[in-house]
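The sequence and the structure are shown first.

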Amino acid sequence: MAEQKATFQIWRGDARSGRFREYTTEVSEGMVVLDAVHQIQARQANDLAVRWNCKAGKCGSCSAEVNGHPRLMCMTRLNQLDLSKPVTIEPMRAFPPIRDLVTDVSWNFRTKLGIRRFTPRPPEADGTWRMSQVDVERVQEFRKCIECFLCQDVCHVLREHHLFDQFVGPRHLVYAAALEMNPIDTENRSRDLKNTHGIGYCNITKCCTKVCPEGITITDNAIIPLKERVIDQLYDPVAKLFRMLRQ
Amino acid sequence: MPEYETHDHDVLVIGAGGAGLRAAIEASAAGVTVGLVCKSLLGKAHTVMAEGGIAAALANVDDRDNWKVHFADTMRGGQYVNNWRMAELHAKEAPDRVRELEAWGAMFDRTKDGRILQRNFGGHRYPRLAHVGDRTGLEMIRTLQDHGIHQGIDVHMECTIIRLLKDGERVVGAFGYERERGRFKVFRARAVVLATGGVGRAFKITSNSWEYTGDGHTLAYDAGADLMDMEFVQFHPTGMVWPPSVSGILVTEGVRGEGGVLKNNQGRRFMFDDIPENYRSQTADDEEEGWRYTQGDKAARRPPELLTRDHVSRCIVREIKSGRGSPHGGVYLDISWIKARLPNAAEHIRKKLPSMYHQFKQLADIDITKEPMEVGPTTHYIMGGVRVDADTQMSTVPGLFAAGECAAGINGANRLGGNSLSDLLVFGKRAGEYAAQFAKTQVAGAIDARQIDEAAQRALEPFARGTRGEGPYQIQYALQDMMQDLVGIVRNASEMQRALHGLEELRARANRAGVGGHREYNPGWHAALDLPNLLTVSEAITRSALERRESRGGHFREDYPSRDPGFSSFNFIVRKNPEGGMDVAHAPIPDMPEELRHVIEEMG
């Protein structure tokens, strides 16, 4: 890609109103969408609001919708996009806008607090825990999560149905899965998952898995096993009978 | 009279990376109320970028390791101008801090017998870095975050502190703004902990994000505290160099720890050409021995690619300047060659270095399992910072503490990879503990409205000038270009004198910076407010570097290319004089106790 110009339609506005504004800027080899946004910010619109930190796909700050697709702007190369047409960049639509590309994601931080914390079993005699690499790896997949909230952004339960007070969303189901499958954790979160975290709302459309920039197999590896756990523990008729008899 | 919200905390922690979170957790556990200020959202601080691991002498992989070896390695790496007491505490306490992370939910990679796995890293004699693939920093910050949110800490996200408030000699609070609405906030506190990280944005090529503008350094300096060792900036040898938009992004040392080698455009492993005398006995004689070391052979010595970062960076610069560099002005870092040694090398690389694999694949169209990377030095870390008491982390100003990158001492002239994450934990904990202890002994100080008015007025000046003023980004870029060119990896007196004049001009320009728009989430305004900090730390780096007329660690003078024992007995400190100018002075290094001296001799 030699030096050329490209046009970007960037959503500018706040909680009250907003519209797309058009900016044209030079683009060069290797540039990502975030570079173009920064260039526009430095040269044409100093007050263009955007979150970013690491610029290497590790912090999950620069989530946005590029040509309608939820992406990390720092990991979206311009040569993957059709630059003969304007590129649209808009904030994540599932969350309330603050300004321009910045949204209010505070609901995620509050929601996480509602998930029962890690509670390890007592350590071995030397004060540490033995864990096998296989067990650790299963959980490490979930701990790769960079909290970019793109999975929350595409989840129809949140995006279309706005069930923010009944459903914690894929991110926090991944978080719960990491805790539940942690080989030394002793807490049981099944009842919470069913009653307050709303795991039943997920109907496995796998949109979250498709947009995860970390490639976490959210639905298959985290949510479905959690659903199975909930069913085994809370709906299994034999177990239910057993519980009734014990009471 | 500016409008502001007021918050009261016993301890205020500024910065929410590893050090800030660890300090907040500790202070909170000590039973005081804690406020935690983050410049970005919680969990996004630069700690997430740390890749290689946490250095701690757990001796899980090599039972010859212990705190003494770690201490000696740290002092050797720092070329003996470290604060030896900090290096001692760090080496002794790091293992407990790592095990504590596991108790809070961290999931490190394991040894075959199920313990925490450790890997090789530059300057560490034995495999010492507890790690999670190449995303250890993310694991650490998430563990601290997920533990910390249940501790009753008040978190103030997207909030930037622009001034510390004093009552007489004592720090009693802080003043800042929140990004979302642009409103001012006053924090009253009995003790303040700075944990704001580094200064990387003062340079053009850097691995640091927008946040690293020397805020804590400048807040402390303006409050009258001493800064120390500011000439020691670490240029990490391996940053990406191509494409231009990603230049500076870090390529973990873990690549070399796993067997990656550095080559010039003639295919030569140039690191074998220059091995410093004090590391010769620890370095492999040939490629074969180096490879065996990376594969865990205890009889083998480490390959020269794993020499300290300052040295590797200079060797790379030498190759590039001699015309032996790669097409885009770097050298080659090759991990793909291990396919000649390992049966399923590609899978092994993807597993051990997953982020690196994706980073190059996505950003540079390079498959690191098949072809070499192009790398070159990038501004990564500053060893210098707020001068603190080794045990308590209190600065020279009562009530003001500092921990992590913004504090000086543990690293001396050069930091070993992996010693940063352990530093954050060890001294974050200590800062939190002693700040809480200090807070308990103090009554709340008086908040001086004049200090607030002054800071608020200054903060709003860029709006008064509006778009008639110069754009803040242009000034920042000019500063970055100048520091990179004149006070970078290779320094000399005349260039640094030019830099001092340049800084004066830039300061004048910064005073004329203007921004349009309003106060709500306005990055242009934020960039304008960061400028004075960048200028202060740039001046501190330049003035200290001019005074150190020798080469040591991260500081290299082409006009004084050798180490001079005359500079071994003190550190340079920087402080604000009554007229507002910057003074540079000497602080003698206290004599090392016999016991520690013996440890260094014993470890060779």
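## Helix packing in chain B

The axes of helix 13 (residues 472-486) and helix 15 (residues 523-547) of chain B cross at roughly 25° and come within 9 Å. That makes helix 13 of chain B roughly parallel to helix 15 of chain B, since angles under 35 degrees count as roughly parallel, over 145 as roughly antiparallel, 65 to 115 as roughly perpendicular and the rest as oblique. This is a predicted model, in which local features need pLDDT of at least 70 and side-chain atom pairs count only at pLDDT 80 or more, while totals for chains, interfaces and linings use all residues; side-chain values use heavy atoms, with hydrogens and water left out. Residues are numbered from 1 along each chain as its sequence is written, and chains are lettered from A and ligands numbered from 1 in the order in which they are written.

Helices (H or I, at least four residues) and strands (E, at least two) are DSSP runs, numbered from the N terminus. Axes are lines fitted to C-alpha atoms, for helices over the stretch in contact, and angles run from 0 to 180 degrees between N-to-C directions.

Helix 13 of chain B passes helix 15 of chain B in a left-handed crossing, that is, the near helix is turned anticlockwise from the far one by less than a right angle (right-handed if clockwise). Contact (heavy atoms within 4.5 Å) involves, among others, B:Tyr473, B:Leu479 and B:Met483 of helix 13 of chain B and B:Ala527, B:Leu531 and B:Ile541 of helix 15 of chain B. By class, this contact has 12 nonpolar, four polar and no charged residues; Ala, Val, Leu, Ile, Met, Phe, Trp, Tyr, Cys and Pro count as nonpolar, Asp, Glu, Lys and Arg as charged, and the others, Gly among them, as polar.

Helix 4 (residues 136-148) and helix 11 (residues 419-440) of chain B pack at an angle of about 15°, their axes lying 11 Å apart. Helix 4 of chain B is therefore roughly parallel to helix 11 of chain B, and the crossing is left-handed. B:Thr136, B:Gly137, B:Met140 and B:Leu144 of helix 4 of chain B meet B:Leu421, B:Leu424 and B:Leu425 of helix 11 of chain B. The residues of this contact divide into five nonpolar, two polar and no charged.

## A four-stranded sheet

In chain B, four strands form an open antiparallel sheet in the order 11-14-13-12. Strand 11 and strand 12 (261-263) of chain B are the edge strands, each pairing on one side only. Neighbouring strands of this sheet are turned by 45° against each other on average, direction ignored. Two strands pair if DSSP finds at least two bridges between them.

| Strand pair (chain B) | Bridges | Sense |
|---|---|---|
| Strand 11 (residues 233-240) and strand 14 | six bridges | antiparallel |
| Strand 13 (residues 331-334) and strand 14 | three bridges | antiparallel |
| Strand 12 and strand 13 | three bridges | antiparallel |

B:Gln234 has B:Tyr381 in strand 14 of chain B as its bridge partner, and B:Val331 stands opposite B:Val375 in strand 14 of chain B. B:Lys263 faces B:Tyr332 in strand 13 of chain B. Strand 14 (residues 373-382) of chain B is mostly covered, with 10 of its 10 residues buried (under 20% relative accessible area; exposed is over 50%, partly exposed in between, with a 1.4 Å probe and protein chains only).

## Chain A overall

Chain A has 10 helices and seven strands. Its C-alpha trace spans about 75 × 40 × 25 Å along the principal axes. Of the 247 residues of chain A, 57% count as buried.
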